[in-house]
Amino acid sequence: MEKYQVTNFVYDPYNRSVSHNDAVLALADRACFDTVTSNSVLNVISHPSHRAAHIRLAWSALKPNGKAYFKVYRGDDSGVPFTEEGKYNANRGVETYLKDVEDIFGSRVRVDVPLNLIVAWKE
């Protein structure tokens with residue numbers, strides 16, 4: 001990423017230390033990021049308010065006109081959630097998350113169904 005003059009800051013409460021995540025959140029609080037990437041996260045959050053909090057965090061971390069990329073794993077595309085001890089996948093297409101993202105970002109949202117991707121711009 002250095003070749004492209006890009007620095008990625010990873011926030012992951014399941015696989016990073018508390019001190020690491022706190023440092024990333026401190027940067028996010030400054031709304032200093034050009035882009036935010038959420039890779040296969042929306043589909044594993046079962047509760048709508050928790051999903052909204054995740055999207056809101058992406059929005060708040062962005063500079064004005066920054067872009068958020070939400071990649072979704074469709075699972076088996078049945079719409080029937082997979083649940084097993086400690087695991088969850090909604091098995092839903094990316095288009096079913098569009099309203100969730102629009103509720104936070106407004107109208108500056110585009111969906112690419114073949115890529116399972118939502119791109120949203122902060123105004």
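Trainee: How do the residues that line the largest pocket divide into nonpolar, polar and charged?

Mentor: Keep in mind that we're looking at a predicted model. In the lining of the largest pocket, the charged residues come to three and the polar ones to 13. The nonpolar residues of that lining number 20.

Trainee: Which residues are the closest to the centre of the largest pocket?

Mentor: There are 36 residues in the lining of the largest pocket. The ones closest to the centre are Tyr-11, Thr-37, Ser-38, Val-41 and His-54.

Trainee: Which element gives the largest share of the lining of the largest pocket?

Mentor: Start with the elements that give two or more residues to that lining: helix H1 (18-28), strand E1 (33-39), helix H2 and strand E4 (87-89). The largest share is seven residues, and those come from E1.

Trainee: Staying with H1, what do its buried residues pack against?

Mentor: The buried residues of H1 are Asn-21, Val-24 and Ala-28. Looking down the axis of H1, you'd find them within an arc of 65 degrees, so they line one face of the helix. On the face turned away from that buried side sit the exposed residues Val-18 and Ser-19. The packing partners of the buried residues are E1 and H2.

Trainee: Which exposed residues are on the face of H3 turned away from its buried side?

Mentor: First find the buried side: in helix H3 (residues 98-105), the buried residues are Val-101, Ile-104 and Phe-105. They fall within an arc of 85 degrees as seen down the axis of H3, so they line one face of the helix. Their cover includes helix H2 (48-61), strand E2 (62-71), strand E5 (109-112) and strand E6 (117-121). The face turned away from all that carries the exposed residues Lys-99 and Asp-103.

Trainee: What residue follows H3, with a phi that is positive?

Mentor: Its phi is near 80 degrees. The residue in that spot is Gly-106.

Trainee: How far apart are the C-alpha atoms of Ser-107 and Trp-121?

Mentor: Ser-107 is in the loop between H3 and E5. Its relative accessibility is 57%, and the cut-off for exposed is over 50%, so Ser-107 counts as exposed. Along the chain, Ser-107 and Trp-121 are 14 residues apart. The separation of their C-alpha atoms is 8.8 Å.

Trainee: On to the rings. Is the aromatic pair of Phe-9 and Phe-33 tilted or edge-to-face?

Mentor: In general, the distance of the centres and the angle of the planes describe a pair of aromatic rings. The model has two aromatic pairs. In the one formed by Phe-9 and Phe-33, the centres are 5.6 Å apart and the planes make an angle of 45 degrees. That pair is tilted.

Trainee: How many residues apart are Phe-9 and Phe-33?

Mentor: Phe-9 is in the segment before H1, and Phe-33 is in strand E1.

Trainee: What kind of pair do the rings of Phe-70 and Phe-105 form?

Mentor: Their centres lie 6.2 Å apart and their planes meet at 80 degrees, so the pair is edge-to-face. Phe-70 belongs to strand E2 and Phe-105 to helix H3, so the pair ties together parts 35 residues apart in sequence. Both residues are buried. The kind you asked for, then, is edge-to-face.

Trainee: Where is Asn-91 found?

Mentor: Most residues other than glycine have a negative phi. Asn-91, though, has a positive phi near 55 degrees. Asn-91 is also buried, with a relative accessible area of 6%. Its place is the loop between E4 and H3.

Trainee: And what is the relative accessible area of Asn-116?

Mentor: Asn-116 is in the loop between E5 and E6. Its phi is positive too, near 55 degrees. Buried means under 20%, and Asn-116 is buried with a relative accessible area of 16%.

Notes
Residues numbered from 1 in each chain as written. Predicted model: local features only at pLDDT ≥ 70, side-chain atom pairs only at ≥ 80, totals over all residues. Heavy atoms only, no water. Buried < 20%, exposed > 50% of the residue type's maximum accessible area, 1.4 Å probe, protein only. Helix = DSSP H or I, 4+ residues; strand = E, 2+ residues; numbered from the N terminus. Arc of directions from axis to C-beta. Contact = heavy atoms within 4.5 Å. 1 Å grid on protein atoms, 1.4 Å probe; cavity = no way out; pocket = protein on both sides within 12 Å on 5 of 7 lines; lining within 4 Å. Nonpolar A, V, L, I, M, F, W, Y, C, P; charged D, E, K, R; others polar. Phe/Tyr/Trp six-rings, centres within 6.5 Å; stacked < 30°, edge-to-face > 60°.
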